[in-house]
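Trainee: Please show me how to read a structure like this one. I would like the general idea of each feature before the case at hand.

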Amino acid sequence: MDAPASPRIEDVLAEQGPMLARIAGSYEAEPARRDDLLQEVSLAVWKALPRWRGEASLRTFVARVAHNRAVDHLARERNARGEELHDEHPDPGATPVQHAEAHQRRAGLVAAVRRLPLGQRQVVVLALEGFALREIGEALGVEENTVAQRLSRARRQLNDWLGETA
């Protein structure tokens, strides 16, 4: 079977850009540093696209490249902290107070996710992006069982920190 044609970077960034921004946001708190990381990730995706052979979905491949680049970034920037992810579709029927409460819950969740050990943080971010356990394993290069274990531990830790039940 021949490898699929390498997609255009413009198309990939248009389709996967929001996910890439959230991944970058899970590693960097400060907006300028997050933007720098997103640029690094975008460049890494562009360079990696010719290597995509279709063994995994393009989305999974792009997520793997993004996480690998972000881990490299963290290795260089040991003091990274987090800032909340942007909610692009707030509930139009919610009151300003409800919007503020939801914003605070998201900020608390994002801050807690950033406190997780790297392996747990990676699986949580991808799970929140809607990836299946198998896809997360493919993206991170680990077994599906390992993904399930990390996700379970991360959920328990997040529940402890946030004082909620999932």
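This is a predicted model: local features need pLDDT of at least 70, side-chain atom pairs count only at pLDDT 80 or more; totals for chains, interfaces and linings use all residues.

Mentor: Residues are numbered from 1 along each chain as its sequence is written, and side-chain values use heavy atoms, with hydrogens and water left out.

Trainee: How many helices and strands does the chain have?

Mentor: Helices (H or I, at least four residues) and strands (E, at least two) are DSSP runs, numbered from the N terminus. Here there are seven helices and zero strands. Along the sequence the pattern reads α-α-α-α-α-α-α.

Trainee: What share of the residues is buried?

Mentor: Buried means under 20% relative accessible area, exposed over 50%, and partly exposed in between, with a 1.4 Å probe and protein chains only. Of the 166 residues in the chain, 37% are buried. As for contacts, meaning heavy atoms within 4.5 Å, consider those between residues at least 6 apart in sequence: 73% of them join residues at least 24 apart.

Trainee: How do helix 1 and helix 5 pack?

Mentor: Axes are lines fitted to C-alpha atoms, for helices over the stretch in contact, and angles run from 0 to 180 degrees between N-to-C directions. Angles under 35 degrees count as roughly parallel, over 145 as roughly antiparallel, 65 to 115 as roughly perpendicular and the rest as oblique. Helix 1 (residues 9–27) and helix 5 have axes 11 Å apart, at an angle of about 150°. Helix 1 is therefore roughly antiparallel to helix 5.

Trainee: Which residues meet there?

Mentor: From helix 1, Ile-23, Ser-26 and Tyr-27 meet Leu-118, Arg-121, Gln-122, Val-125 and Leu-126 of helix 5. By class, five residues of this contact are nonpolar, two polar and one charged. In this scheme Ala, Val, Leu, Ile, Met, Phe, Trp, Tyr, Cys and Pro count as nonpolar, Asp, Glu, Lys and Arg as charged, and the others, Gly among them, as polar.

Trainee: At what angle do the axes of helix 5 and helix 6 cross?

Mentor: The axes of helix 5 (residues 118–128) and helix 6 (residues 133–140) cross at roughly 130° and come within 10 Å. The two helices are therefore oblique to each other. Gln-122, Val-123, Leu-126 and Ala-127 in helix 5 meet Ile-136, Ala-139 and Leu-140 in helix 6. That contact of helix 5 with helix 6 has six nonpolar residues, one polar and no charged.

Trainee: Which residues of helix 6 are buried?

Mentor: Glu-135, Ile-136, Gly-137, Ala-139 and Leu-140 are the buried residues of helix 6. Their cover includes helix 3 (58–76), helix 5 and helix 7 (144–162). After helix 6 comes Gly-141, with a positive phi near 70°.

Trainee: Is Glu-129 buried or exposed?

Mentor: Glu-129 counts as buried because its relative accessibility is 14%. Glu-129 sits in the loop between helix 5 and helix 6. Neighbours within four places in sequence aside, Glu-129 is in contact with Met-19, Arg-22 and Arg-59.

Trainee: Is Gln-39 buried or exposed?

Mentor: Gln-39 counts as exposed because its relative accessibility is 58%. Gln-39 lies in helix 2 (residues 31–48). Gln-39 and Leu-20 are 19 residues apart in sequence, with 9.8 Å between their C-alpha atoms.
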